[in-house]
Amino acid sequence: MSTAETDDQLAQRLAAAAGAILLDLRARGDLEGKALGQAGDEAANAMLCREIRAARPGDALLSEEEKDNVARCARSRVWIVDPLDGTREYGEGRSDWAVHVALAIDGVAAVGAVALPGLGVTLTSASPPPLAPPNHPPKMLVSRTRPAAEALFVAERLGAELVAMGSAGAKAMAVVRGEADIYLHTGGQYEWDNCAPAAVAAAAGLHVSRADGSPLRYNNADTYLPDLLICRKELAETVLRRAREFGG
């Protein structure tokens, strides 16, 4: 690819292209369920890794579907990708799954693109949509299969309406798109689960942090990130306070 392509343009192009691969694979109809999810992961990952290495040979790469090399920790720039976030939803023919392509620079989620192929949109940190008016009462996203007790506790005390949804990227982008106001996750994630969503959400003007209010940091030797909060800024202080009350 041309070196004139910016990091933002590269992230957007690749997220959208991976989404197209996944949609085409599902439309073929010869795979379903877990087999479809595995095939989709492999196909999207192969393209993403090949293209990133060709376009940015000097950068490091961290992908959910690639064997990790902690030598990346010595690099300033690392691309962090999840070729298929929400494998279960994808395999079930749902729309609440995503593709994440992000660039972390010195540990910060600097560039992000989240494709929502089932909805036909790709959201980016370069051009996030303007924030919609808040919902009244606020809407809070939870897992459709295993809602966390902490999120349910906070939602009850806020008087929030629960919205069940699939993948992490789909939930985060639902806040960006104004379909919900709060995404609090405490069930454990990895860097590829939230780096791209965090970059897009922050660029959109949302609050983005760990569940205790501390900043998210990327390109760590241990890629596990236990928790995440993405919400409207005017709700952040209250959500963080209620989260601290859980189990107290």
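Let me begin with a rule for angles: under 35 degrees counts as roughly parallel, over 145 as roughly antiparallel, 65 to 115 as roughly perpendicular, and the rest as oblique. The axes behind those angles are lines fitted to C-alpha atoms, for helices over the stretch in contact, and the angles run from 0 to 180 degrees between N-to-C directions. Helices (H or I, at least four residues) and strands (E, at least two) are DSSP runs, numbered from the N terminus.

Please keep in mind that this is a predicted model, where local features need pLDDT of at least 70 and side-chain atom pairs count only at pLDDT 80 or more, while totals for chains, interfaces and linings use all residues. Residues are numbered from 1 along each chain as its sequence is written, and side-chain values use heavy atoms, with hydrogens and water left out.

Contact here means heavy atoms within 4.5 Å. On the H5 side, Ala-168, Gly-169, Ala-172, Met-173 and Val-176 take part, and they meet Asp-193, Pro-197, Val-200 and Ala-201 of H6. By class, that contact has seven nonpolar residues, one polar and one charged. For the classes, Ala, Val, Leu, Ile, Met, Phe, Trp, Tyr, Cys and Pro count as nonpolar, Asp, Glu, Lys and Arg as charged, and the others, Gly among them, as polar.

Let's turn to H1 and H2. Helix H1 covers residues 7-28 and helix H2 residues 33-55; their axes come within 9 Å and cross at roughly 155 degrees. So H1 and H2 are roughly antiparallel. Their contact includes Leu-14 and Ile-21 of H1, along with Met-47 and Ile-52 of H2. It has 15 nonpolar residues, one polar and four charged.

Next come helix H4 (residues 149-158) and helix H7 (residues 233-245), whose axes come within 9 Å and cross at roughly 125 degrees. That makes H4 oblique to H7. Among the residues in contact are Phe-153 and Arg-157 of H4 and Val-239 and Arg-242 of H7. The classes here are five nonpolar, one polar and four charged.

On to the largest pocket. A pocket is an open set of points on a 1 Å grid over the protein atoms alone, where a 1.4 Å probe fits, with protein on both sides within 12 Å along at least five of seven lines; lining residues have an atom within 4 Å of a point. How many residues line the largest pocket? There are 34, and Arg-146, Gly-166, Ser-167, Ala-168 and Lys-171 lie nearest its centre. Helices H5 and H6 are among the elements giving two or more residues to the lining. By class, the lining has 12 nonpolar, 11 polar and 11 charged residues.

Finally, two backbone details. The peptide bond from His-136 to Pro-137 is cis, with omega near -5 degrees, and Pro-137 sits in the loop between strand E5 (121-124) and E6. Asp-106 is not a glycine, yet has a positive phi of about 50 degrees. You'll find Asp-106 in the loop between strand E3 (98-105) and strand E4 (108-116).
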